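Please look at the sequence and the model shown below. The paragraphs that follow go through them part by part.

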Amino acid sequence: MNLSQHLPALIIVVPLFFAFVMPLLARWCKQWCVPTTLGAIIFSFGAAVKMTFQVMNTGPFSYYMGNWPPPWGIELSIDYLTVFAALTINGVGLLIIWYGSKDLLHELKSEVIGWYYTLYLLLMASMTGIVITNDIFNMFVFFEICAIASCGIISIKESRDCIEAAFKYLVLSVLGSGAFLLAIALLYMVTGHLNFTFMAEALPDAMVLYPKNLLVALGLLVVGLGVKAALFPLHAWLPDAHSSAPSPSSAVLSALVIKVYAVAMIRLLYLVFPRELLGMTPVMEMILWMATLAIIIGSMFAIVQDDIKKMLAYSSIAQIGYVFLGVGLMSESALVGGILHIFNHATMKSLLFLVAGAFIYGTGARKLSELKGIGHTMPIPTIAFCIGAFSMVGIPITSGFISKWYLALGALDVGRPFFTAVILISSLLNGIYYLPIVVNAFFSKPEEAVKEPKQLPRQMLVPLTLLSIGVIFFGIFPSLILGIVYRAAQLLLGL
Amino acid sequence: MSITEIVLRLHANSYYFFAILLFIIGFHTMLTHNNLIKKVIGMNIMDTAIFLLFVAIGYVRGGRSPILEPGVDHVFINPLPTALILTGIVVAVSVTAYALSLIIKLYKHYGTIDAEEIMRIRGGGSL
């Protein structure tokens, strides 16, 4: 048996397997929990790297689960977008849990830490599953695993804010998956298939016979995935959930979980639904306007926050807007910008949340007013914060600039300079809330709370440094990742 | 379309009609009730409605369960939606269990399971 043939399945199965081994390890040999978790995610990351080379050299391929060819079996599809998303998820996820291995010790009770790794590995497996599966019902099952695991890593810290935020998140994501399941029912009714490729083939005929079915299904899909991805008017659960959770959870939820649903939406809208249907309805236009509102209003809410993690959470609402802006504009450059922003935002937002976690670890302070002058006492995390903040604003040589640049170009390509203006305005708004923190951190006298911070352990500093280097590196050499993103966009647009 | 025609059509598609009716009842319960347990019940009614709709898709009038017997030729129902919904039910059960355990924790922290009351204790925000 050739192991490398089965990598598309193993990338999901290995973390899933170790997730269930973890409670046993936590009971009998506690010191093995962290290495095992890291090992499982490193394996998935390695598998994603290997598949990336394979896809870049020989083109997209698919894997049949249990050797059952579609439409009978479940198909995993490995193309440019899916390997790109798998790389992002496992790469960023690895750094976050590496950091978390120390940070969690002070945020959680010692008896639940083993369970945290279980939930984290389940989350990793389900997110990878969502992006690489080519079967819509399989995607639904991964959605539910992802929903429970992501609520779990919030509610594991048993403070009353966390429990309440987790409940709110759970109810809304069940609503979202309900809408998604209903959409699956309506699509299956008219096509008789669950596989993306076969559905896409059957839909043009079905569109003529049953246009209403498809319209309702499309609406339910956009709303269902919109709730889970926190697209603007459906974002109500996000600020509480992302700000109250333990810092590594906040980082993974903001950086990866909401993006996964965006990837799912991109694949469904571009690969499954016929182009004529999207032309017939104003769905893309609606996504565009929701994204615009998200960008502006999310930033405005962020300006008035005093809690650093709440501010970052509102900023995530704005940033997911960029991804959907790229989806809605339907031009090549804009789609490249949107997909690239999935990766860029994953690196910079996880960086910022981890720095916020480091501040809380070091000083116990989470109010922005108490964090003045922290640059004098905790220099390395503060510099990392500066890099993340500059990238959020979109200053050149950081990766945030590249994705905004492509989005702006894309808006001009389709002759809608209004959206270029939106991107510029939102950069200014980002500047309004990120830059004062940076200025205050270095140029104010240290506040009482931050005078004598606890020393950060190496396990927390190294991931922060690596993420900051990543943000700068992919800002200076974007071509490394643009190659795959361009091919992904061309595949999606059918060029 | 005359009234009789509408009634006949509804009768022919009664599974779908009642599924949607149940869905609306569940959704309404979930949105309007403050009691968290009732919210979870509404969530379950909603899920059940979707399952009913999904299973109804696979039903063929006069069809039998798809067990093949040599030499006998029958009309069979489509087994795929049934199999899928089995998975769906498992998922719904686990989500319900998790939601109820969260409610127990909420009750321990706040001493109430009323969403408005919890909101008042927290001071602001919405559930």
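Is the crossing of α14(A) and α16(A) left-handed or right-handed? The crossing of these two helices is left-handed; a crossing gets that name if the near helix is turned anticlockwise from the far one by less than a right angle, and is right-handed if clockwise. Helices here (H or I, at least four residues) and strands (E, at least two) are DSSP runs, numbered from the N terminus.

Before going on, note that this is a predicted model, in which local features need pLDDT of at least 70, side-chain atom pairs count only at pLDDT 80 or more, and totals for chains, interfaces and linings use all residues. Residues are numbered from 1 along each chain as its sequence is written, while chains are lettered from A and ligands numbered from 1 in the order in which they are written.

Two packed helices are described by the angle between their axes and the distance between the axes. For α14 (residues 332-363) and α16 (residues 379-393) of chain A, the axes come within 9 Å and cross at roughly 145 degrees. Axes are lines fitted to C-alpha atoms, for helices over the stretch in contact, and angles run from 0 to 180 degrees between N-to-C directions. On the α14(A) side the contact includes Met348(A), Leu351(A) and Phe359(A), and on the α16(A) side it includes Pro381(A), Phe385(A) and Met392(A). Two residues are in contact if their C-beta atoms, placed from the backbone, lie within 7 Å. Sorted by class, this helix pair brings together ten nonpolar, two polar and no charged residues. Ala, Val, Leu, Ile, Met, Phe, Trp, Tyr, Cys and Pro count as nonpolar, Asp, Glu, Lys and Arg as charged, and the others, Gly among them, as polar.

Two loops next to these helices each hold a residue with a positive phi. Met330(A) lies in the loop between α13 (308-329) and α14 of chain A, and its phi is near 55 degrees although it is not glycine. Ile397(A), in the loop between α16 and α17 (399-413) of chain A, has a positive phi of about 70 degrees. Is Met330(A) buried or exposed? Met330(A) is buried, with 21 other C-beta atoms within 10 Å, whereas Ile397(A) has 13 such neighbours and counts as partly exposed. A residue is buried if 20 or more other C-beta atoms lie within 10 Å of its own, exposed if 12 or fewer, and partly exposed in between, with C-beta atoms placed from the backbone.

Now turn to chain B. Its secondary structure comes to five helices and zero strands. The radius of gyration of chain B is 21 Å, well over the 14 Å that the globule rule gives for 127 residues, so the chain is more spread out than a compact globule. That radius is taken over C-alpha atoms, and the rule is 2.2 Å times the number of residues to the power 0.38. Buried residues make up 25% of chain B.

Where do the chains meet? In chain B, 25 residues are in contact with 23 residues of chain A. Helices α3 (36-57) and α4 (79-110) of chain B each supply at least two residues of the side that touches chain A, and the largest share, 13 residues, comes from α4(B). That side of chain B divides into 16 nonpolar, six polar and three charged residues.
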